Amino acid sequence: MDIARGRDGATVTVAQVPFDRGFWKVEWFVEKWSEEAVDFARRKLLNRGVTKVEHGYEAVETGEMTWDNRLQALVPKIIVRPGVVAIEKMVPSHVLRKLRILPEEEETRHGNLLLNEGIQEMWDLIIGVAATSAYNNANAQLGVGSNTSAAAATQTDLQDAGAVWVGMNAGYPTRTNQTVDFRSDFGSGSANFAWQEWGVRNGATRNKNMNRKVESLGTKSGGTWTLTASITIS
C-alpha cells in the first residue's frame, strides 16, 4: 500500500495494482570460419569426390492439392526436404564440424528488442488466426545488415536495404524445454560486410520480424559464418 494526501489534506490509501512479469532472454552466437579454412575443407571434400553437400531445406510442390484449414481453401501441397549446395558456393558449418575444422573465432551477444509486428504474429499463431506463417524450418530466416540505427518496436524489418536473409540449417529451429534455437549459415559469397544488426523473421513472403538487435559482430569477408539465436521464455 502507498499513502498519499488528498486535496483536503486527508490521508488516502492507494492500492498498488499487481502485475505479472515475464522473462524473455535472447543470446546470439556467431561462429566464424575464414575463407582459408573453407578452402581447406573444399580440398578435402574434392579429394573424396564430393562436389555437393546437404544444406538447409527446400520447399517442393508435389502437383497435388490439399485443404488448408486456416485459409479454408484448396492450396498446392508442398513438402519440405533437405536441400543441397555446391561446395564451390559454400561449405556449411555441419560439414566443417564433421571434418573436425573448428571455428577460428566465436562471438556472443545478449539481448534484443521485440518488434510489434513480431509480437502480433506470435499471438496470431497461438490463437490460430488465418494467413500466418510459423517460424519453422520451412519459413524462418535469420538476417544481418550493416545499419546502426537504434532499434524501435515499430520497425518492420532490418534497416539496411541490402540486408541478407538466410533460411534455417537442417534440423533448426529446435526447442529444448523453454528455449528455441534458430541457426543459419552465411557462406563465402554471402553477407560480406560489417554485421551491425540482425534478427529473426518468418520468411520473405510473410516477412514478420520477431526482433532486432543492434551491435557490432565484426566484418565478414568470405568464409562461413554461422549465426544462432537462442530464445528463452519463462
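Buried means under 20% relative accessible area, exposed means over 50%, and partly exposed lies in between (1.4 Å probe, protein chains only). This is a predicted model, in which local features need pLDDT of at least 70 and side-chain atom pairs count only at pLDDT 80 or more, while totals for chains, interfaces and linings use all residues. Residues are numbered from 1 along each chain as its sequence is written, and side-chain values use heavy atoms, with hydrogens and water left out.

**Exercise 1. Classify Asp181 as buried, partly exposed or exposed, and find where Asp181 lies.**

Step 1: Asp181 lies in strand S11; helices (H or I, at least four residues) and strands (E, at least two) are DSSP runs, numbered from the N terminus.
Step 2: The relative accessibility of Asp181 is 22%, so this residue counts as partly exposed.
Step 3: Now look across to Thr228: Asp181 and Thr228 are 47 residues apart in sequence, with 6.6 Å from C-alpha to C-alpha in space.

**Exercise 2. Describe the second largest pocket: what is its volume, and which residues lie nearest its centre?**

Step 1: On a 1 Å grid over the protein atoms alone, a pocket is an open set of points where a 1.4 Å probe fits, with protein on both sides within 12 Å along at least five of seven lines; lining residues have an atom within 4 Å of a point.
Step 2: The volume is about 420 Å³, where a volume is the space filled by probe spheres set on the points, and grid points are joined across faces, edges and corners.
Step 3: Of the 17 lining residues, Trp24, Met122, Met210, Ile231 and Ile233 lie nearest the centre.
Step 4: Helix H3 (116–127), strand S11 (179–186) and strand S14 (224–233) are the elements that give two or more residues to this lining. H3 supplies the largest share, five residues.
Step 5: By type, the lining holds 13 nonpolar, three polar and one charged residue. Here Ala, Val, Leu, Ile, Met, Phe, Trp, Tyr, Cys and Pro count as nonpolar, Asp, Glu, Lys and Arg as charged, and the others, Gly among them, as polar.

**Exercise 3. Follow the salt bridge between Glu31 and Arg97: which elements hold its two ends?**

Step 1: A salt bridge is a side-chain nitrogen of Lys or Arg within 4 Å of a carboxyl oxygen of Asp or Glu, and by this rule the count comes to ten.
Step 2: Between Glu31 and Arg97, the N to O distance is 2.8 Å. Glu31 sits in strand S3 (residues 24–33) and Arg97 in helix H2 (residues 93–98), so the pair links distant parts of the chain, 66 residues apart.
Step 3: Glu31 is buried at 13% relative accessible area, whereas Arg97 is partly exposed at 34%.

**Exercise 4. Which residues join the network that contains Glu107 and Arg109?**

Step 1: Glu107 and Arg109 form a salt bridge of 3.1 Å, N to O, and both residues are buried.
Step 2: Salt bridges with shared partners join Lys32, Glu105, Glu107, Arg109, Lys213 and Glu215 into one network.

**Exercise 5. Inspect the backbone at Arg100, Ala191 and Pro173.**

Step 1: Most residues other than glycine have a negative phi, and most peptide bonds are trans.
Step 2: Arg100, not a glycine, has a positive phi of about 60° and is exposed at 77%.
Step 3: Ala191 also has a positive phi, about 55°, but is buried at 5%.
Step 4: The peptide bond from Tyr172 to Pro173 is cis, with omega near 0°. Pro173 is in the loop between strand S9 (164–167) and strand S10 (174–176).
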